[in-house]
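Colleague: Before I use any labels from this model, I would like to hear what stands behind them.

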Amino acid sequence: MRIKVLRQQTPFSEPYWETFAYDGPRDNSVAGVLDYLNYHDDIFTVEGRQTTRIGWECSCLQGVCGACAMVINGTPALACETFVRDLKGDCIEIRPLRKFPVIHDLVVDRSVIHENLTRTNLFIGAYSQSAPEEHAHQYTVAKCLKCGLCLEVCPNYGNGKTFYGAAFANDCYLVAARSREKRGEVRALYEEHFAGGCSKSLSCMEVCPAGIETIASMAKLNRK
Ligand code: FES
């Protein structure tokens with residue numbers, strides 16, 4: 001197989017493609033493929049040119065931390081949860097998420113996701129009981145990895161703009177559901193940073209590795 005990787009040495013240098021030969025197992029994940037390619041001290045492209053190890057991030061390797069989010073064959077996905085056997089063709093194209101600044105190769109800076117939460121002070125205040133029938137959705141929303149995949153596919157999200165995307169909307173729901181005293185505050189933030197900018201493409205739900213139904217968060221927030 002061929003593995004094509006969009007590389008970039010520094011945040012300010014030009015990106016370029018490199019292609020590698022992969023002869024490892026087909027039941028490997030894309031994370032496993034990257035590990036495989038990086039395994040030896042001397043790394044060569046398919047043309048036989050010596051190059052450097054491919055930069056990428058991971059921590060859990062089981063779809064929990066969100067660090068390995070990247071674009072695989074045009075689809076934003078977690079590398080550790082995407083398997084070679086499920087991809088079509090004999091070439092896998094890997095590039096970093098496009099909505100975030102590249103730090104090195106496939107490593108991007110997603111700190112804006114947390115900065116948006118900090119800037120708006122979107123944290124649960126005094127805890128309030130919520131209806132038991134809402135607990136299942138709250139549990140799912142709380143599993144958000146902050147991986148950025150929902151923002152990558154969102155047609156309305158642009159890094160640094162005032163629309164904060166699905167990750168923020170789901171946090172708005174969680175805070176409003178768990179803290180009655182914060183609801184007025186959350187309402188204003190939700191309107192300013194999500195409701196006015198969402199065009200309901202709902203592509204965020206198609207790529208969310210935690211299976212969060214943002215549309216359900218929106219409906220529940222609107223009801224509140
Ligand atoms: S390494 Fe943690 S989600 Fe992939």
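Modeller: Ser217 lies in helix α8 (residues 214–223); helices here are DSSP runs of H or I with at least four residues, and strands are runs of E with at least two, numbered from the N terminus. This is a predicted model, in which local features need pLDDT of at least 70 and side-chain atom pairs count only at pLDDT 80 or more, while totals for chains, interfaces and linings use all residues. Residues are numbered from 1 along each chain as its sequence is written, and side-chain values use heavy atoms, with hydrogens and water left out.

Colleague: Why is Ser217 called buried?

Modeller: Buried means under 20% relative accessible area, exposed over 50%, and partly exposed in between (1.4 Å probe, protein chains only). Ser217 has 1%, so Ser217 is buried.

Colleague: Which residues does Ser217 touch, leaving out those up to four places away in sequence?

Modeller: His137, Val141, Asn170 and Tyr173; contact means heavy atoms within 4.5 Å.

Colleague: What makes Cys144 partly exposed and Cys198 buried?

Modeller: Cys144 has a relative accessibility of 23%, between the two cut-offs, and therefore counts as partly exposed. Cys198, with 17%, is under the 20% limit and therefore buried.
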